[in-house]
Amino acid sequence: MKSTLKMSLGLTAGLLASSAMTGVSQAEDLTLCWAAWDPANALVELSKDFTAQTGIGMKFEFVPWTNYADRFLNELNSKGKLCDLIIGDSQWIGGSAENGHYVKLNDFFDKEGIKMSDFVDATVVGYSQWPKGTPNYWALPAMGDVVGWTYRKDWFSNPDLQKEFKEKFGWDLAAPATFDQFKQVAEFFQNREIDGKKVYGASIYTERGSEGVTMGVMDVLYSYGFNYENPDKPYEMEGFVNSEKSVKGLEFYKSLYDCCTPPGASNSYMGEGVDAFKSGQVAMHMNFAFTWPGLQKDEAVGGEKVGFFANPAGPDGEQFAQLGGQGISVVSYSDKQESALKYIKWFANPEVQKKWWSLGGFSCLKSVVEDPAFPDSQPYAKTFLQSMAIVKDFWAEPSYASLLQASQKRFHDYVVAGQGTSKEALDGLVEDWTEVFQDDGKI
């Protein structure tokens with residue numbers, strides 16, 4: 001899930017918006033709509049092969065993340081014909097299916113022999129299915145993503161720091177496996193001087209305006225035992241959202257913000273986190289996996305200086321991570337659905353998926369990610385696999401925007417503004433979410 005955000009990664013994809021493939025002049029070009037970020041650049045390069053094979057030209061409408069949801073949800077709601085194909089956020093599936101924005105792909109998949117069992121299970125549920133848990137598919141998994149962590153491997157391997165840490169905490173300084181270990185590492189680095197510069201423990205999500213603090217908080221709450229609802233009674237949230245384990249998890253997240261973040265980190269999301277890590281401010285950095293290729297290549301903090309680890313386990317050994325990523329869908333208002341379906345078929349090809357990974361996209365195809373060579377294909381590949389195996393996602397209900405607005409306010413007011421208690425914040429969230437589902441007629 002990445003519905004809106006403020007990016008500062010120096011991306012160039014926005015320059016490609018509304019541009020056609022060079023050297024192609026076709027009577028019928030397809031327009032693919034997505035966000036303006038590095039993976040979009042990779043998709044432009046990849047799609048040249050589709051044009052060469054089919055003669056169908058490709059145009060691209062790439063919109064900055066800050067405007068991505070508003071721009072394309074407005075386009076879908078107005079039944080516009082700009083987008084023939086759209087790579088929509090995972091949270092859009094429910095609303096887009098129920099409102100008729102996306103073409104249902106079941107018959108097409110059956111006809112072309114495209115099997116959802118060939119894709120990573122979590123991405124099928126997260127990006128393709130509605131209702132969840134049913135064999136009704138509205139998208140092909142396109143861009144796998146998940147919240148994980150980068151860390152300054154060069155700092156962690158410093159012999160003097162290793163010795164000091166071992167003496168203080170009794171275990172070897174390394175990528176933390178549990179959140180208790182994580183906090184010890186963060187406290188160890190907080191306000192420490194390294195190479196003549198004051199550094200801090202960790203960058204975590206705190207952003208209020210879109211979805212940032214929710215994505216960060218949930219990344220911790222899942223591993224503390226949080227559940228959205230009673231598994232035996234949908235939309236029953238009392239005692240689950242605000243369980244004792246959930247309360248402790250939210251308290252822990254606030255303790256990380258209070259103890260171990262850099263100054264001025266009260267409204268931080270993906271771009272701000274990347275900036276904090278690349279500028280050498282923090283020892284550890286929460287972010288979606290799509291940032292990892294760029295950080296690995298960074299001249300200042302990349303290469304042998306950067307390491308990657310999956311979201312740590314909670315106090316009872318539970319370990320989950322917040323799902324990101326998107327699926328690719330055919331827009332039902334397009335006059336070029338036949339050609340758009342050809343693109344879906346082409347994109348699902350295993351050889352195309354291998355190239356997608358090599359160019360910087362994150363494939364969801366099992367034959368790619370389960371290849372024995374995959375873990376060694378990139379320094380972050382193993383962590384990506386570990387992370388995608390433990391994902392959970394936020395509500396994908398048609399009313400997800402209202403659900404998200406409620407969690408953003410409740411979490412930010414408590415974690416950042418220090419208002420009330422963790423229990424009060426979660427009790428209030430149960431009330432907010434209950435009201436949304438009552439308005440929807442689901443309770």
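User: How many aromatic pairs does the structure hold?
Analyst: This is a predicted model, in which local features need pLDDT of at least 70, side-chain atom pairs count only at pLDDT 80 or more, and totals for chains, interfaces and linings use all residues. Residues are numbered from 1 along each chain as its sequence is written, and side-chain values use heavy atoms, leaving out hydrogens and water. Counting rings of Phe, Tyr and Trp (its six-membered ring) whose centres lie within 6.5 Å, the number of aromatic pairs is 51.

User: Are the rings of F60 and F62 stacked, edge-to-face or tilted?
Analyst: Their centres lie 5.3 Å apart, with 35 degrees between the planes. Planes under 30 degrees apart count as stacked, over 60 as edge-to-face and the rest as tilted. The pair F60 and F62 is therefore tilted.

User: Are F60 and F62 buried or exposed?
Analyst: The label rests on relative accessible area with a 1.4 Å probe, protein chains only: under 20% is buried, over 50% exposed, and in between partly exposed. By that scale, both F60 and F62 are buried.

User: Which residues of helix α8 are buried?
Analyst: Helices (H or I, at least four residues) and strands (E, at least two) are DSSP runs numbered from the N terminus. Helix α8 spans residues 179–189, and N191, with a positive phi near 65 degrees, follows α8. The buried residues of α8 are F179, F182, V185, A186, F188 and F189.

User: How many salt bridges are found in the whole structure?
Analyst: Each one needs a side-chain nitrogen of Lys or Arg within 4 Å of a carboxyl oxygen of Asp or Glu. One of them joins E236 and K233, whose closest N and O atoms are 3.6 Å apart. The search of the whole structure gives a count of 20.

User: How many residues apart are D316 and K245, which meet in a salt bridge?
Analyst: Their side chains meet at 3.4 Å, N to O. D316 sits in the loop between β9 (306–309) and β10 (321–330), while K245 is in helix α10 (residues 244–260), so the bridge links distant parts of the chain. The separation of D316 and K245 is 71 residues.

User: Which residues are linked with K245 in a network of salt bridges?
Analyst: K245 also bridges to E318, with the closest N and O atoms 3.9 Å apart. That pair too links distant parts of the chain, 73 residues apart, with E318 in the loop between β9 and β10. The residues linked with K245 in the network are D316 and E318.

User: Is D316 buried or exposed?
Analyst: K245 has a relative accessible area of 39%, so K245 is partly exposed, and E318 at 26% is partly exposed as well. D316 reaches 53%, and that makes D316 exposed.

User: Between which domains does the largest pocket lie?
Analyst: A pocket is an open set of points on a 1 Å grid over the protein atoms alone, where a 1.4 Å probe fits, with protein on both sides within 12 Å along at least five of seven lines; lining residues have an atom within 4 Å of a point. The largest share of the lining, three residues, comes from α5. Two domains, with bounds from an automatic or database domain assignment, both give residues to this lining, so the pocket lies between domain 1 (29–145 + 324–392) and domain 2 (147–322).
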